[in-house]
Every structure is written in C-alpha cells, then in structure tokens.
Amino acid sequence: MPCDELLKGAHIEPSFHLYHPDMVYSNPRIAEIDILLLLNGGYVCIELKEEPQSSPIDSLKFFQNGLGSQAVLYMSKKSLGHGEASNVAVLNPLIITREDFISEKLKEWVDNLPKFRKKRREFFSIDNFLCALLLYGSPGICNLLLPSKRESYKGPDLVVPFDRSEDLDDFIKYRISLIKLVKGLTRDTHEGRFNETAEGEVGDLKSKKLVILIPTLSPSFLKEVVRSIELIIEEMRSKTELEGLPEVVLLCTERSSDYCKKLQCKLGEGLSKIKSEVARLEEWSSKAVEEASGGGTILLIGEVPKRILIELVDKIYEKRDESIKLASLLWRPSHPENENDLKEFIKGNKYDFKSREEIELVLVEL
Amino acid sequence: MCLSNSDLEVSVCLRMRDFESSDGRGILTVFHRPLSTWFFLTTHGMWYQDIKPERADISIDLRTGGTTLVISHEQNFYRLIKAIKSIPLFHLSVDALVVVREGRDSTPWGVHSKIKDGEIRRVNCRETLKVTPLTFHAASSGIHRIGFYHRIMAFQQSLSKRIARALSLGGNIPTPYEIFSVEEKQEIRGSLAALLSGIIKWGRIDIDVLKEELTTSVIEPPKEELRGVMYLLRNLDADITPEITWDRGKGLTLSFKAFSGVRDKYVESSLNYINRVCLGRLRCYDGLLEEFEREEKSLGKFDLVLDFSEQMGPLDIYLILMMLKSAGILEKCENLWLIGTPLTYPTATYSLLYIRKCLPSEGISSRLVISSEDPAFSRVIAKRVSGDRNKKIIYLAAGPTSHVISFYKTLLEEKGRENVRAIPLSPHK
C-alpha cells in the first residue's frame, strides 16, 4: 500500500517518553517513542536511525497494539543501497526511508505540534496513563474505562469521569478517540479537537513572595527540588526586575532543618531576601498563611502531612484571601529542544533526535 | 531448576480459590475468574485474560523465599503461553516461570520444556493454601516500592477480622477474603509467606536504587532483621495465626503465639520490623470512629469520598465500612466515591469489587473514579463528585499532596464550608 494511502486519517505523534505509572515520584521510562503512527485498528512505532540495518542490535523493541505483538519499523535517513537489509534475526524488521514516509499529512501535523505539546504538559499525569492504555491496554480494558457512546450498558460500573465526555477537556477527548481508533473500538476516524490555548499554564508564577514548606526529602528529590526552585526564582526575578528582588521564606521542622539549610545555601547566593524558620508541624499552616498574605504563593514540596494540607486550604478559604496561591512541584514534560529539529525533519531537511521529550519538576498552581 | 526429594517439603504452594463472577457486566468482567484478576493486577490494570488454567500455583521456598510460578493448561495451550509472553507484566517478578501441559507425556515446547515439565511434576509442596487473587498477586509481585506495598496490603487484608476486633469494631460486614470464600487461616499463612519472601528480597535490594526514589514513603530494607525473617519463614507452621492488640495513641501490635517462646534478638527485631511496616500506617484509623460518631448527630444523607493512597487496599475499605456501621451512619451514606490515580487505580478497582460484593446492591451506590495530579483534571472530578450543593460530603484525604489540595479546594468552592468535612487519613497524628 502506498505510504500516503496508509497515512490517510492517521495520527502521528513524534518524540515522547512513556513513564511507569509511579512517575509521580520517580521516573524510570518504559518506552521511548521516536514516531508513533496511529491507525484504525493498530499502531506502528517508528525508530529513526542513522544506520537502521544494524539498529536491532541496540534497539530491539516490541510493542503491543492490543491485537498482537508488533515489531518496530526502522527509518533510514537515506535510500537503502541494493541488497541492503538487516543482518539481525528480528521479526519483520521493516526498514523504510524518509522519502517514502514524508507526506503532506506529516507536514500538516507540524502546525499542531506546539499546541498538542502544551496540552500534554497541562494534563501530563493523566495523559501518561492514557498513553499507557494506548500502547499496552487490551481492547477490553479500554472499552471498560472509556466506553463509547454506543455502549448499550449504562450504570454504576462506568468509570468517572470518562462516562461523561462533555465534562472532559478537548485534549483528553481527542486522546480517548485515538485510543478507541487504535483498539478497533470505533470505526470512525478520531473525533474532536483540542483547544489552542491552555489554561493554567504551568510555571507561570505571578507572586513576588514564595513560602516554601520543606518536609523530610530523599537526597535525590532534594537535588531535583533545588534545580527547580532556582529556575522559579530566576523567573520571579525577571518579572519583578523593576520592583526589587523576590522574597523567599523557607519553613521547616527540626527534622527537616538540615534539608532547609542546604536549600538556603544553594538559593541564597544573589538573593538578599531569603529567610528560614523552624516551626512545629502544628504551626505550619498558620505561619505559611500569615507569610503569604497579600499576594504570596505557598509552595508544597514532597510529602506534606495531609492534616497540614487540609488546614492550609481551610485557613485560606476562611480568610477569603484570593491573593494567596497554593502550588506544588510536579513532573511535566520540558519544552523539547528538538522541536525545531523535528520540523526540519518533516520539511525534509537534516534531523537529530538525540534528545527526546524529557521531564522536569515545575511549579503548578493548585 | 532441579528439585531433589529433600526439597519437596520446604515449600508451600499458593493457589487462587476458584470462583466465577455471576455478573459479567462492567467492572465485574475484569474479575470474572481468579486468573483474569491476577492478570489485571500484574499488568497494572492494562489487561485481563479470560483463560481458565488447569492449575496456577506459586510455590514459595521456605528456606530462601524463592518463588516459582507454575501454570498448566490443557485446552488452548498456546493461547495461555502467548498471553503471558506478550502482555506487559509490569508487576511480575518470580524466580522461575514454568508452563506445563496437564495429562500429556509430550509437550510441543521442545526438549528443554519437556525436561522442565518432568521436573515440575515432581514438585510436591508441603501444603497447598487456597488464597485470594490479591495474595496470589502479592506473592508474584515485583521487588520495587509498589510490589512491596502489595505484599503488605495482602497481609493486612488477611488480618481484617482481627484488626477490627482489636479496634472494638462490631458488625456483620464480610471481610475481603470471605467474599472469595477463603479461609482466614489459609489466607494469613499464604499472605505471610508472600510477605516474608518479599522482605527477604527487599533486604537484598541495591541501596543505590532506593536512594534514587523520589518519595520519602519508601520502606527501609531489613538489615539485622533479615536473619529473624528467615527463621519465621522456615517455621511457617499450621498454627501461625497472630494476635492483634491496640494501644490507643500508639497503634496496633501483632504477636505470634508460636514464636512467643523464642528468645532471640533477631527474631524479636524481625517481629518489630513486621509490626512497623505492616501496621504502622494503620494508626490513621486511631480516632476515625470518634470523628464519625461526632458527625452522626447532625448528619443527614451524605456522600463519602475516599481518596486512595498507594498503600491502601481492601482492608481500608473494610475498616471504614465497619466504622461507619459502628457509628450508625452507614445507612445514611448514599454514594461512595473511590478515587484512584493512575498509580492506585488497579488496587482501587480491586477494592471496588470488594465493596460491590460485601454491600447489598440497593442502598449505597459505589463508583470508581480515576483522577490525577493534574489540577485541571482533578477540579473536574471534584465538581462532578460535589453533586447537590446541600448534601454533605465526608472527604477522607489520603491521596497525593497536589491532588488533596486542588480536590478539597474545589469541594469547598462548590459546596461551602458547612457541607464539606475533610478528614486526613494519615498516621502522623
């Protein structure tokens, strides 16, 4: 079948990672996707390789499309010479060239890429789960979680909120329609659109004061936290350039004071308005709300006891102070550096896929 | 793997109690048979497989904690093997996986498989214990944070009745193992064998791997306790049922009569370790009954929202239902929303099965909700769950930090302070 025919109605998603479901806390990747081609009733995973003939040696991946195991396609950047083929015993290691693959469809997709990625960033935790369903889920499970409109049985067994598609964001609806397409649960091509503007852009901090609650942290997480807060402060500094330096308050307990000192030491350079305070857990919510009054953001990192979380929300609600913001550090895909590479590749120019989508710890307003 | 005659008495076999769900619709299709439930949990809720094997056993070596998964099948032999080979078994980690064909002298899987077939036929475990799918899954679960939690979850589930009794909770709600018609003694021994085997493996985990964990809730591996754990596993005799006591403010304590006479510092430290990792979190239920009783006087019809944590399982559902019953408010509960995230969704789904089986179909409506840490998503969920503004919601908060904040904040905005009661489920008092 000609490539253009195959791509008709297909969804193409370039360059992303799938994380194990506990990626909320740690992030070992379980799949690296160069290009995912989603078709009605299945999908094809495409690896981009300089020398695809030998690639099965370092990249032997098999994926599931819900119907059977599916070998990976390897794409060569140049036309293959006469008689060239894989030397490795791998099930149908089909190799195609870029020239065969490039189509108008791919070129059109370049325009959708930035807004798609923006939305994936906003809904990353749930989208990662939906992507796992897309790659690994059986049609039965997908049908159970994401029933179609034609599903005759309606009742308490339908999973909330997927039972009411009208409540869902267009991006989520679009992703669900792709899953149904791939799993053969619908004959329609994918429906829905995703909005061009994302609400609640992550990392967009408008406050001038940051009150950070510091519980006990694992050493690895502390390293990530420091890196992330440095970026947040840098962003605050650029926004408040005309009004002076941003103010940072670190709130810790006796037990977490060492972590606090490390953090203060790292962040303190060039930041005159930074202070730390040791307080009992019972005092955290009052002190945090007091410090953040008048336009501050309370940033929760790691595992803060649930009691403190409830107290914080209660106190802010009772004060009716909408200027106090609550935020947390969450894993989100970084804006990929290779986006331009990808566009160049689709245009038929050079490509370099050394860096795929990575995740970073960013501030998200709650 | 070659087992000699002396090996035959050093292992116990776990086998799932056979059942067939009477209702094949919706969520119950997943739990149609024990093996499909195991597939669901092992694949992190990505798959279920409706194949009925002749035999599915997990043999636990009582000397080493090593595990062998033995699955046999007569009909559609290739189908089962292909399913196991091709689906994403995210949580499966056994030391050996053996697939055998019952009742045949030859196997189509070549000489190597034929030898294995012959070897495995000679395995004659000391005893076969009939257990729930959760315990079976626990025994086959991976050696990582979540796998270890699943083992603890299964052991906690087996102690349901004893924990409820220690907390002075009365009522006739069936325990999670009773809905599968599993005997308490067998479930306790099976889940304890799975737990001890897991602790031994956890004790050998690369410490650098644990350092890379980004959460503080990782259970520390055993050190000198390991010797005592080995002793407990080797002496896992028939009369192993533990006693549970509750000291208000301090939590629950477990003790084994069978080991009370053993004066050995390693055994004592291992028992302390088991107490700490298995019962420590349950301190969160200290005082919850009183909270419910305080609500009782002013409470009309209400909805209960349970935000699942990664360590919660069927025992938590059982205790909460028992407490609602003891406080006299279970009948006033109209909707029970069980909120899982992508991480907790498999065990939350399994717990929903338990709710469906133990509560009468009329009365309380129970729903599974999949939420996430994304505030834009959890706000939609909170609005949906809010329902009638004037009906009270009791929100039991145990989920991830960001979820608790955005979810509770939205509940307050939707229903007002007077109609939302948030109770943190946390062992830190």
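This report walks through a predicted model, chain by chain and then across the place where the chains touch.

## Chain A at a glance

Let's start with chain A. It is built from 11 helices and 13 strands. Of its 366 residues, 42% count as buried. Look at the contacts in chain A between residues at least 6 apart in sequence, and you'll find that 70% of them join residues at least 24 apart.

## A sheet in chain A

Six strands of chain A come together as an open sheet, and if you step across it the order is 10-9-8-11-12-13. The pairing is mixed. At the edges sit strand 10 (274-278) and strand 13 (359-365) of chain A, each of which pairs on one side only. From one strand to the next, the twist averages 25 degrees.

Now zoom in on one pair in this sheet. Strand 8 (residues 209-214) and strand 11 (residues 296-300) of chain A run in the parallel sense, joined over five bridges.

Helix 8 (residues 257-268) of chain A lies across strand 8, strand 9 (247-252) and strand 10 of chain A. Its angle to strand 9 of chain A is about 165 degrees.

Over in chain B, two helix pairs are worth a look. A handy way to talk about two packed helices is to give the angle between their axes and the distance between those axes.

Take helix 5 and helix 7 (residues 184-203) of chain B: they pack at about 155 degrees, with their axes 8 Å apart. An angle over 145 degrees counts as roughly antiparallel, so that is how helix 5 and helix 7 of chain B are placed relative to each other. Their crossing is left-handed.

Who meets whom? From helix 5 of chain B, the residues include Phe148(B), Ile152(B) and Phe155(B), while those from helix 7 of chain B include Ile188(B), Leu192(B), Leu195(B) and Trp202(B). Sorted by class, this contact has nine nonpolar, four polar and two charged residues.

## Helices 9 and 10 of chain B

The other pair meets at another angle: the axes of helix 9 (residues 225-234) and helix 10 (residues 265-279) of chain B come within 7 Å and cross at roughly 90 degrees. That makes the two helices roughly perpendicular. On the helix 9 side of chain B, the contact involves Glu225(B), Arg227(B), Gly228(B), Val229(B), Tyr231(B) and Leu232(B). Helix 10 of chain B answers with Tyr266(B), Val267(B), Ser269(B), Ser270(B) and Tyr273(B).

Which residues of helix 9 of chain B are buried? They are Glu225(B), Gly228(B), Val229(B), Met230(B), Leu232(B) and Leu233(B). These buried residues pack against helix 7 and helix 10 of chain B.

## Where the chains touch

Finally, the two chains meet: 56 residues of chain B are in contact with 57 residues of chain A. On the chain B side, the elements that give two or more residues are helix 5 (145-158), strand 10 (365-370), helix 14 (375-386), helix 15 (401-415) and strand 12 (420-424).

Which element of chain B gives the most to this side? That's helix 15 of chain B, with eight residues. The residues on the side of chain B that touches chain A divide into 29 nonpolar, 16 polar and 11 charged.

Methods. Residues numbered from 1 in each chain as written. Chains lettered and ligands numbered in written order. Predicted model: local features only at pLDDT ≥ 70, side-chain atom pairs only at ≥ 80, totals over all residues. Contact = placed C-beta atoms within 7 Å. Helix = DSSP H or I, 4+ residues; strand = E, 2+ residues; numbered from the N terminus. Nonpolar A, V, L, I, M, F, W, Y, C, P; charged D, E, K, R; others polar. Axes fitted to C-alpha atoms, helices over the stretch in contact; angles between N-to-C directions. Parallel < 35°, antiparallel > 145°, perpendicular 65-115°, else oblique. Pairing = 2+ DSSP bridges. Left-handed = near helix turned anticlockwise from the far one by under 90°. Buried ≥ 20, exposed ≤ 12 C-beta atoms within 10 Å, placed from the backbone.
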